[in-house]
Every structure is written in C-alpha cells, then in structure tokens.
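Have the sequence and the 3D view open while reading.

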Amino acid sequence: MSERDAAAEDVPGRSEQEATAATAGPTHVGTGPGPLEGGFDPPASADVFECGYCGRPFAEEDLLALHRGHAHSDQLSEPEQAAFEAAYETETGEMRRFQLKAAGLVVLLYFLLLMVYALV
Amino acid sequence: MFRLRTRLAGGVAGLLALLAVADPALAHGGAVASSRRTVTVPTWLVLMTGGAAVGASFLLATFVTDRAMVRAVDGWRRLAPGPGRLARGAAKAVGVLGLVAILAVAAVGPTENNAAVLFVWVGWWAGYTMTTYLVGNSWPGVNPWRTLAGLLPTLDESYPDRLGSWPAVLALLALIWVETVSPITDDPRPLAVVVVAYTLATLAGATVYGADTWFRRADPMARVFRYYGAVAPVQRTGDGLSLRPPGGALSELRVGDDSEVAFVVALLWATTFDGFVSTGVWADIAGTVRAAGVPLAPVYLAVLAGGFGLFLGGYRLSSRVARRTGDTYLSTATVARRFAPSLLAIAAGYHLAHYLSFLLSLAPAIVVLAATPLSTPPQVPVLPLPGWFDLVGMTAILLGHVLAIWVAHATAYDLFPGRLQAVRSQYPFIAVMVFYTMTSLWLLAQPEVTTP
C-alpha cells in the first residue's frame, strides 16, 4: 500500500472511495489473498502443497515452486530456487505450445468468418 | 431501459407529429426506434462475429504473460490536484438544488412532457451515469441525499454485518421493478412520490446508521455509481485525482463478500432485463399471460427475480468451474469475488450501448424543456440519428467485453502463480462472456416494441 493510498483512509467522509482508493494495488505475483482471509478451501482428500513462507496451499508441487519464486524471491534457499527455475522452464514450454494453438485458432476464426461473410 | 426509451421517445415524437418538425419518419414509432433496424448483415452473423471477436481477444490476451508488463499497464497513473473547496461546495449545491427543482417540477409541472421526468431518466439515469464510467465518479460530491444527511443528527447505531450489502441488492432490484411496472417513466406525479419515498428511506437510514456507513453499504445508487466509477479513468485518491487507464482501477476494487458479488451481477442483469422486456418475444409472452387473466406486475417481478437468480447462479457456477480448470485451492467464493469487477466493464459497455442513442436524440428536448419547466413548450426538438449509429452501440458492447477480458486476465495473473494456470482459470468466464456478448447483441438488434 502506498502512502497515498494510506492517506485516503484517514480522510473522513471519504469512505465511499475507500473501496477503490484505499486497497493495496495488486502485485500480479500470483499470491492472491492472504491465508488469514479464509480465501482457501482445499479439499479434504487431496494432496496439499503448503508454502513454508506464507502457508498458502497449492494443488501441485510445480505451482508451489512457482509461487515461492514469484512471491518470496528474496528468501529462497538454493534447492527452492532451482525448483522454481525448473518449473518456470517447463511452464514456458507449455505456454509456447498453448500460444501456438491460440494463434492458430485466431487465424482459423478469422478465415471462417471471412468465408461466411463471402457466402452471405 | 428500452421500454422507457420507447415510451419517452414515443411521447416526444407524438408531439413532433403535430408540429411536423424534421423527418416525418420520426413521428412513427418513436425517434429512437426509427433510427434502428438498419443492420444489413443478418443478425445471426452479427452475433457470431461479436462472439468471435470476444473469443479472439481472449486468445490474444494469452500472449501477454509477462507479469511486470501486466503490472505496468494496470499500475500506470498520473496525478492531478483534486477539486478545491469551492468546487466541492458548488457540486453539493447543484445536487441539492437539482433534487429540489426536480421534485417541484414533478409535483406542479405539466403532466405531458414534464422536464423533471426527462431530466431524471435521460439526463441523470442515462447521461450522468455515463459520465461516472467514462470520466469519473462524481456522485459522492454531488449526491444530494448525502449532503442532506450531513445536516441531520446521527444515532450511529452499528450496522448489522450479517445484512452485508443485501439491502442494496434488493433496493436496486426493487427500483428496477418499480421503473418497469409503474408509470414513473412518463408521469411526473408518481415519479415525485417515488423520489420522496427514496429520500425519506435514505435519510432515515443515514440518520440511524450514520451517513458514511449507509452510503457505503446499504444505499443502492451510491454503490451503482461507485462500481461504475471503478471503470473510469479518473479516480479520486487521498490527495487529489489520479488518471488511470480505463478499467485500471477495477483490479483494485474490493468486492468484499457474496452480497457485493450479487450487487455486481444485479447491475448487469438490470440493464439486460430492461432490454429483454422491450423485445417482441417478451411482448408475445406478456400478451398471452395477460389474456389468461394474470396480473402483469407480479409476472414482471417473477421474471426480474428469476433472471437475477439465473445470472447469479451462472456466475457462481463459472467460479466453481474456474476453481477446477485453474487447478487451485482458492475457495469458490474467493474466485467469484476476485473476478466480479471484470463484469463491471461489461455492464458499462452495455449501459452505453443502450442509452447513448436515447440520450443524444433527446438531449435537445431536455434543454428546451428545462428552459420552460412549468409549461408545455410549443415545440420539442429531437435529434434524428443516422442509421449507422447502431454500430456505436455494438462497438460499446464489444469494447466493454474486451476491457473485461483484460481485467480478468490481470486478475488471474494476480491470483495464480502459474501462467498457464492463470489462462485456464479464465475458461468458464470467457465462455460466459462470449454467450453474454451474443445475448446483448441480440437484444440490441431487436426492434423495440411497446410491451404491455
């Protein structure tokens, strides 16, 4: 939370803006809500990989490794850093394949529509 | 509020017929209605193209996987000094005087072409609302009820937390229902009654629970404008105004609990409902129902409540599916809360599509009627809009959805550590958005009819 945002909270009679002005900006590091907000609901019978730094539960080890790398990058141990890099590498490959398919789909959509417009 | 549009435009155009101003075609079926139905592409193709455009926007958004870039786009801002004491005082004065003037004109003005009716529905509900999402939310400064509540003593009872924001949800739906079944969109006297009732309820609530609490939690209008305002580029902060990219502030809007999610969905449903009840499909249904001897007011209520339940249930369901496709242990409620702000961009785009032609065609009428509020003027001008104007509405719907896709994308990258995970978590929401784009384009393409 920046100082500016913190100041918004202290202004009396401005509570209508609080919702937009006073909340901390998103960090986009994939942390989501804190564990204390009760934002998580892991199923009882599934594997849970819990973050040792903040307690957030994850469904897969790779996701936990990615989370640690993004959210706790300054605290990582060496094996954790290695796990993060490996997971990131794997994910980059998967992402590439996905994007290739996405690009193909966009082109397909475009030509399908083009043909439909030509026929109608 | 197509229904409203038909009535108002019909009334004004009826007057026009006597005066034979402008295009004679205007006099038939209402000024707004006549400028529509000019799309030469078949409707199904328009719907398909719209759906494809939204789907393609999602696919293109998946190429933005750099978290720093998402953060940079969303976090961009420029600061400007806020309004001074004089401007704030002027805004308050305008608000209170406006309320008094509307009440007075609605109470004693002419019953035909009343300036207060036109001002409330065209000037305020259509025009002013547009400024809250296109420019910035000025309602906390203008809100006359807030100013009046500030003059009253307060009991400062603690607001019952278990009520959440449900009173605001119910009040919003109730206002929409009253708007559709009562004559307040063309008869000034009942409008005055509704405004007085709203004033009394609001001031009573603000006195009991304190103005800040009341307008933050229970008042529907303050929340409508606050939520729409989160889409806008100009945001108010503690020490001035900040300029953001449109929708940039949405990712910071805190939708706190289930009742606030319900309010966002209600806002989206309210405009959709207004569109639906002015279609030929609904006119047929309503005609059949009335022929069977069933009173229409409860039927409208049932459709309003049922459709709201359907929308809310659909959104909850997509949040549950997103939890699975996104492979996350975030609770369904958390996913629903975090993705809710993206719906506001859609609601804003749809509002603009519905009301822009209505506002522009009746804007000259507001000016003329405001000049002589207590007598029916000899001539009420209506701005004829060209046929291509339909495209503006469709563009607004598409832009709203594209903005929503970006907001959902940024939200997913805030929530999930995996890039592919973030993309997958959006699947159900994108499916719903594609479906909703097509629904709203269909509603927009329907010829407007006067329904029972």
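## Chain A in outline

Of the 120 residues of chain A, 22% count as buried. A residue is buried if 20 or more other C-beta atoms lie within 10 Å of its own, exposed if 12 or fewer, and partly exposed in between, with C-beta atoms placed from the backbone. The model is predicted: local features need pLDDT of at least 70, side-chain atom pairs count only at pLDDT 80 or more, and totals for chains, interfaces and linings use all residues. Residues are numbered from 1 along each chain as its sequence is written, while chains are lettered from A and ligands numbered from 1 in the order in which they are written.

Chain A holds four helices and two strands. Their order from the N terminus is α-α-β-β-α-α. Helices (H or I, at least four residues) and strands (E, at least two) are DSSP runs, numbered from the N terminus. Among contacts in chain A between residues at least 6 apart in sequence, 17% join residues at least 24 apart. Two residues are in contact if their C-beta atoms, placed from the backbone, lie within 7 Å.

## Phe98(A) and chain B

Phe98(A) sits in helix H4 (residues 78–119) of chain A. Phe98(A) is partly exposed, because 18 other C-beta atoms lie within 10 Å. Residues up to four places away in sequence aside, Phe98(A) touches Thr62(B), Leu420(B) and Val423(B). His67(A) is 31 residues from Phe98(A) in sequence and 21 Å from it in space, C-alpha to C-alpha.

## H10(B) and its surroundings

Helix H10 (residues 188–209) of chain B has 22 residues. From first C-alpha to last, H10(B) reaches 31 Å, close to the 32 Å expected at 1.5 Å a residue. The expected span is 1.5 Å times one less than the number of residues.

The buried residues of H10(B) are Pro188(B), Leu191(B), Ala192(B), Thr202(B), Gly205(B), Ala206(B) and Tyr209(B). They cover an arc of only 165° around the axis, so they are on the same side of H10(B). The arc is taken from the directions from the helix axis to the C-beta atoms. On the other side of H10(B), Ala197(B) and Leu200(B) are exposed. The buried residues of H10(B) pack against helices H5 (85–108), H6 (115–134), H8 (144–151) and H11 (211–218) of chain B.

Just after H10(B), Gly210(B) takes a positive phi of about 90°. As for H11(B), six of its eight residues are buried, so this helix is largely enclosed by the rest of the structure. The buried residues in H11(B) are Ala211(B), Trp214(B), Phe215(B), Arg216(B), Arg217(B) and Ala218(B).

Two packed helices are described by the angle between their axes and the distance between the axes. Axes are lines fitted to C-alpha atoms, for helices over the stretch in contact, and angles run from 0 to 180 degrees between N-to-C directions.

The axes of H9 (residues 166–181) and H12 (residues 220–229) of chain B come within 9 Å and cross at roughly 95°. H9(B) is therefore roughly perpendicular to H12(B). Angles under 35 degrees count as roughly parallel, over 145 as roughly antiparallel, 65 to 115 as roughly perpendicular and the rest as oblique. H9(B) contributes Ala168(B), Ala171(B), Leu172(B) and Leu175(B) to the contact, and H12(B) contributes Pro220(B), Arg223(B) and Val224(B). By class, this contact of H9(B) with H12(B) has six nonpolar, no polar and one charged residues. Ala, Val, Leu, Ile, Met, Phe, Trp, Tyr, Cys and Pro count as nonpolar, Asp, Glu, Lys and Arg as charged, and the others, Gly among them, as polar.

H15(B) and helix H19 (residues 427–445) of chain B pack at about 145°, with their axes 7 Å apart. Gly314(B), Ser318(B), Val321(B), Ala322(B) and Thr325(B) of H15(B) meet Tyr427(B), Pro428(B), Phe429(B) and Val432(B) of H19(B). The contact of H15(B) with H19(B) has six nonpolar, three polar and no charged residues.

## Loop residues in chain B

Asp156(B) lies in the loop between H8 and H9 of chain B. Asp156(B) is not a glycine, yet has a positive phi of about 50°. Asp156(B) is exposed, with 12 other C-beta atoms within 10 Å.

Ala232(B) is in the loop between H12 and strand S2 (234–237) of chain B. Ala232(B) is buried, with 25 other C-beta atoms within 10 Å.
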